[in-house]
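Please open the structure in a viewer and keep the sequence panel beside it.

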Amino acid sequence: MPDALKVRVLVRPKAGILDPQGEAVRSALPALGFEGVQTVHVGRLIEMEVESADEVDAMCQRLLSNPTIEEYEWEIVQ
Amino acid sequence: MRIGVTIFPGSNCDRDALYGVERMGAEAVELWHADAELKGVDAVVVPGGFSYGDYLRPGAIARFAKVMGPLEEFANSGGPVLGVCNGFQVLTEAHLLPGALLRNTHMRFVCDRVRVRVEATDTPWTAGCDPGEELTLPVAHNEGNYFADPETLARLEDEERVVLRYLENPNGSANDIAGVCNEGHNVVGVMPHPERVSDPALGSDEGLRILRSVLVGAGV
């Protein structure tokens, strides 16, 4: 039985869509003394172990991301 | 008339929805998320709450519940469906309604009573309302900020598919949209809660203006 593949999926808000969470984080950082942060976007990390990577795109499109408002990327992690 | 109310793990406005259905004179039917059929109901309400804990995204997991298969067939053949709050989120995730509900712009859970205007009255859920009628309805949500791309927003406006519009926008929704309908005008999603104001004992029964519409709208 081959080892399961480790897949890392990143889901992020689509460019140009208002990201209130990112904005909240961006405006909180100066209050803690961190300067120079121009933009922040908050997304989601999903890590999976799968037998085959063939259907990862379909998983991302149907469940893991909402294509109306999010983009995704994934990679096999060693 | 029999109106079904779907119940997912984490739904918490189902009992208010069942009560609201009874208050407007119909028979309330519980539709459990694992049910394989809609029990012959004439209309369906998908109520508010935190189905599946809002895990991943609000409504993202509920849309794949077993009852959603029959519900989608029902909607696609013209059956009246009303999604309230989390229900609206479920219907957008299921692509029965366009757009998506984002986090409120001000990053706070909003719990308030807001004034809305009824616009499209050619849906089963607003057929009993006057065009332009103003209602005060409760809202209680963290992700009620309606979003759709510019082309979709323009189409919703041109096709007069905005069903409710905020007079006081509580969450940053595009075009102050509080509720929309699908192309067939039979599926409606609203963020405010008409079922929470279905009895004078609750402070108001203005919500019945919407709920009772389906008696008119379904020709019963």
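Which pattern does chain A follow when read along the sequence? Chain A follows the pattern β-α-β-α-β. Helices (H or I, at least four residues) and strands (E, at least two) are DSSP runs, numbered from the N terminus.

Before the next selection, some conventions apply. Residues are numbered from 1 along each chain as its sequence is written, while chains are lettered from A and ligands numbered from 1 in the order in which they are written. This is a predicted model, in which local features need pLDDT of at least 70 and side-chain atom pairs count only at pLDDT 80 or more, whereas totals for chains, interfaces and linings use all residues.

**Stop 1: chain A as a whole**

Select chain A, which has 2 helices and 3 strands. Its C-alpha atoms fill a box of roughly 50 × 25 × 15 Å, taken along the principal axes. The radius of gyration of chain A is 16 Å, whereas a compact globule of 78 residues would have one near 12 Å. The radius of gyration is taken over C-alpha atoms, and the globule rule is 2.2 Å times the number of residues to the power 0.38.

Colour chain A by burial next. Buried residues make up 13% of its 78 residues. A residue is buried if 20 or more other C-beta atoms lie within 10 Å of its own, exposed if 12 or fewer, and partly exposed in between, with C-beta atoms placed from the backbone.

**Stop 2: the sheet of chain A**

Select the strands of chain A. They form an open sheet of 3 strands in the order β2-β1-β3, with antiparallel pairing. Why is one side of β2 and of β3 of chain A left without a neighbour in the sheet? β2 (44–50) and β3 (70–77) of chain A stand at the edges, each with a single partner strand, so one side of each has no neighbour in the sheet. Neighbouring strands of this sheet are turned by 20° against each other on average, direction ignored; the axes are lines fitted to C-alpha atoms, for helices over the stretch in contact, and angles run from 0 to 180 degrees between N-to-C directions.

Now select strand β1 (residues 5–13) of chain A together with β2(A). These strands run antiparallel and are joined by 7 bridges; two strands pair if DSSP finds at least two bridges between them. Within this pair, Leu10(A) has Leu45(A) in β2(A) as its bridge partner.

**Stop 3: where the chains meet**

Show both chains. The contact takes 9 residues from chain A and 11 residues from chain B. Two residues are in contact if their C-beta atoms, placed from the backbone, lie within 7 Å.

**Stop 4: chain B as a whole**

Select chain B, whose secondary structure comes to 6 helices and 11 strands. The radius of gyration of chain B is 15 Å, close to the 17 Å that the globule rule gives for 220 residues, so chain B is as compact as a globular protein of that length. Its C-alpha trace spans about 40 × 35 × 35 Å along the principal axes. Buried residues make up 56% of the 220 residues in chain B.

**Stop 5: strand β3 of chain B**

Select strand β3 (residues 43–46) of chain B. Both of its faces are covered: Ala43(B) and Val45(B) on one side, and Val44(B) and Val46(B) on the other, are all buried.

In β4(B), Leu82(B) is the bridge partner of Val45(B).

**Stop 6: helix α3 of chain B**

Select helix α3 (residues 86–93) of chain B. Is this helix enclosed or open? 8 of the 8 residues of α3(B) are buried, so the helix is largely enclosed by the rest of the structure. The buried residues include Phe88(B), Val90(B) and Leu91(B). What covers them includes β3, β4, β5 (100–102) and β11 (187–190) of chain B. After α3(B) comes His95(B), whose phi is positive, near 60°.

**Stop 7: Asp112(B)**

Finally, select Asp112(B), which lies in strand β6 (residues 110–118) of chain B. Asp112(B) is exposed, with 12 other C-beta atoms within 10 Å. Not counting residues up to four places away in sequence, Asp112(B) touches Val139(B) and Pro170(B). Asp112(B) and Val139(B) are 27 residues apart in sequence and 5.5 Å apart in space, C-alpha to C-alpha.
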